[in-house]
Amino acid sequence: MNKTKNFFVIHNFNTVPANLLEYCEDYVIYDCSDDVKVKDELHDRNYKVVDIPNTGHNITTYFSYFAEHYEELPEVMCLLKGNMIPRHCSKEFFEQVYNNQSFTFLYDEKQYWDKYSKFNADNQKNEIGPAYIAMENVYLEINNSWYVESENHPKKYFNDVDDLMRFIYKEPMIPQYYMFSPGACFIVRKEQVLRHSKEFYLNLNKLMNYGMNPSFPSEAHQIERILPIIFNSLCEVNPWMNHEAEFEAKLPECSAYIQYKYENRPRRFGKLRKVLGLI
């Protein structure tokens with residue numbers, strides 16, 4: 001197996017990702033394991049490990065890496081989870097794409113092709129449903145923010161992904177379906193990351209690392225859905241996204257808004273949405 005020059009940024013929890021390191025020349029492992037044996041093995045093997053707190057998900061790791069290495073980012077980065085193979089994609093699929101130099105969804109669940117394709121194995125047309133696979137590695141999900149109702153993933157700032165989009169961008173296009181990579185693993189190019197400031201990534205992390213009660217925030221699920229937009233959209237961002245102090249000043253307003261929206265679901269609240277820059 002030829003080793004790629006693509007730099008591997010690996011978010012790791014309670015696994016030893018030796019299989020991933022077989023594919024790359026250089027890497028960093030951000031480890032948030034709570035298994036002492038795993039942590040000891042990672043260090044005993046002299047892997048390039050950075051110990052980090054556990055935020056419950058991998059996106060904050062990637063955004064932190066972008067901010068910390070903003071002036072010296074590799075040309076191409078593979079954003080990976082230590083258990084990505086086989087959880088989010090097969091070994092066979094990864095071996096086909098790991099050296100890609102262009103934006104790539106690192107997701108592959110061939111076992112669902114029959115369920116999500118236009119016709120099933122019996123050549124009968126499938127019902128139109130809330131989720132699809134658009135191609136072998138691109139997942140489509142209806143934009144209804146179903147996951148925000150989970151008691152395991154509290155929400156503090158945004159009650160749905162549409163409001164998050166309006167908070168980040170000026171006049172965004174709100175899609176009927178979101179196209180994303182379940183597990184938030186991608187190959188990205190440096191110029192895609194540099195579309196945004198380092199403050200942009202640090203600010204987004206503030207929406208996702210406010211606690212584990214009992215698990216990671218709903219906002220992480222929301223940002224997972226819009227990662228392809230973050231890496232590719234031409235939409236202009238709102239000014240507070242590039243200033244940490246201005247961004248932090250907005251957060252109490254977001255918290256008040258989400259509480260108001262919850263308590264007054266049948267009512268209109270356009271005025272407050274306008275104040276927050278959501279319309």
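This is a predicted model: local features need pLDDT of at least 70, side-chain atom pairs count only at pLDDT 80 or more; totals for chains, interfaces and linings use all residues.
Residues are numbered from 1 along each chain as its sequence is written, and side-chain values use heavy atoms, with hydrogens and water left out.

View 1. F63 is buried at a relative accessible area of 1%, and F66 is buried at 0%, where buried means under 20% relative accessible area (1.4 Å probe, protein chains only). The structure holds 27 aromatic pairs, a pair being two rings of Phe, Tyr or Trp (its six-membered ring) with centres within 6.5 Å, counted as stacked if the planes are under 30 degrees apart, edge-to-face if over 60 and tilted otherwise. The pair of F63 and F66 is tilted, at 6.1 Å centre to centre and 35° between the planes. Ring pairs also join F63 and F66 into a cluster with F103, F105, F186, F200, Y201 and F231.

**View 2. Strand β2 and its two partners.** Five of the five residues of β2 (residues 27–31) are buried, with Y27, I29 and D31 on one side and V28 and Y30 on the other. Strand β1 (residues 7–12) pairs with β2 in the parallel sense over five bridges, pairing being called where DSSP finds at least two bridges between two strands. N12 stands opposite D31 in β2. On β3 (residues 49–51), which runs parallel to β2 and is joined to it by three bridges, V49 is the bridge partner of I29.

**View 3. S233 in the loop between α10 and α11.** This loop connects α10 (218–232) with α11 (244–263), and S233 counts as buried at 16% relative accessibility. A polar atom of the S233 side chain lies 3.0 Å from the backbone nitrogen of C235. Leaving aside neighbours within four places in sequence, S233 is in contact (heavy atoms within 4.5 Å) with Y169, R195 and P228.

Terms used
Helices (H or I, at least four residues) and strands (E, at least two) are DSSP runs, numbered from the N terminus. Buried means under 20% relative accessible area, exposed over 50%, partly exposed in between (1.4 Å probe, protein chains only). A polar contact is a pair of N or O atoms within 3.5 Å; within protein, one must be able to donate a hydrogen and the other to accept it, and residues adjacent in sequence count only if both atoms are side-chain atoms.
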